[in-house]
Amino acid sequence: MNKMFNQLLSIIESDEFKYKLNELNDNFFNLKQEIHIRNLLVELFNQKHKEQGERAIAEHPRLEKEKTTEKERTSYTRVDLSLVDEKNPKAPFKIELKYHFPKDKGGFSEYQESIQKHFFGRKSNGFILIVCDSDKNLREKFEEKWNIDTIFPKLSKEDNIWKENLKNKFEETPDSKSYYYEITIEKPFETTYHFFILEEKKE
């Protein structure tokens with residue numbers, strides 16, 4: 001396992017991350033939280049490791065997109081998150097992040113296409129999918145109390161078939177190692193974050 005990636009996984013497993021996630025959801029329950037969680041991981045990683053010459057950097061590096069025609073203008077995309085060692089800054093550990101709800105992507109039965117695109121297609125070293133799941137009724141009651149109307153309650157599912165689909169897809173992904181973490185927080189209503197993670201296997 002890559003040392004810096006292992007340090008990032010240790011943060012995801014930590015009580016500090018759970019506490020911060022609890023506060024984050026309490027403040028931003030009505031938003032998709034991909035960027036919020038990405039930024040939280042950057043902050044915690046740098047708090048712990050930047051003095052040792054290792055940094056998490058968001059939206060880095062900038063990569064040139066593949067052209068479909070010779071006349072096409074050059075365009076660029078940015079990697080969601082990179083872990084960078086000051087001893088070798090030109091070889092960052094590149095991570096793509098995605099954020100979904102249980103009913104997204106048709107229950108994730110065909111999610112290998114997304115893995116192919118974002119993990120292999122973008123030549124990522126790591127891939128983190130976060131699925132946010134909360135009780136439909138609890139979320140609806142809370143939103144109604146504050147006169148908020150989001151689509152999120154409709155994206156919850158009562159069964160766990162989506163979770164089994166994803167676990168299987170991640171475990172069966174070739175040339176990689178999979179990890180899974182589940183974090184349940186209480187504010188402002190019970191919410192569970194499922195982290196499905198891939199790391200490339202180096203030969």
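I began with contacts (heavy atoms within 4.5 Å) in the protein chain, and found that, among those between residues at least 6 apart in sequence, 64% join residues at least 24 apart. I note that this is a predicted model, in which local features need pLDDT of at least 70 and side-chain atom pairs count only at pLDDT 80 or more, while totals for chains, interfaces and linings use all residues. Residues are numbered from 1 along each chain as its sequence is written, and side-chain values use heavy atoms, with hydrogens and water left out.

**Overall form**

I looked up the elements, which are DSSP runs numbered from the N terminus (helices are H or I of at least four residues, strands E of at least two), and found 6 helices and 8 strands, in the order α-α-α-β-β-β-β-β-α-β-α-α-β-β from the N terminus on. Along its principal axes the C-alpha trace spans about 50 × 45 × 35 Å.

**Cores**

I find 46% of the 203 residues buried, that is, under 20% relative accessible area with a 1.4 Å probe and protein chains only. I then turned to nonpolar cores, sets of buried Ala, Val, Leu, Ile, Met, Phe, Trp, Tyr and Cys residues joined through side-chain atoms within 4.5 Å. The largest has 35 residues, with Phe 17, Ile 37 and Phe 195 making the most contacts inside it; among the elements that give two or more residues to this core are helices H1 (3–13), H2 (15–28) and H3 (34–49) and strands E7 (176–185) and E8 (191–200). Leaving out residues up to four places away in sequence, I list Ile 12, Phe 17, Ile 37 and Tyr 181 among those that Phe 195 touches. A second, separate core of 12 residues includes Tyr 111, Leu 129, Trp 162 and Leu 166.

**Pockets**

I searched for pockets on a 1 Å grid over the protein atoms alone, a pocket being an open set of points where a 1.4 Å probe fits, with protein on both sides within 12 Å along at least five of seven lines, and lining residues having an atom within 4 Å of a point. The largest pocket holds about 270 Å³, a volume being the space filled by probe spheres set on the points. Its lining includes Glu 64, Thr 77, His 118 and Arg 122, and strand E2 (62–64) and helix H4 (112–120) each supply at least two lining residues. The second largest pocket, of about 180 Å³, has Lys 103, Asp 135 and Pro 153 among its lining residues.

Conventions. Buried means under 20% relative accessible area, exposed over 50%, partly exposed in between (1.4 Å probe, protein chains only).
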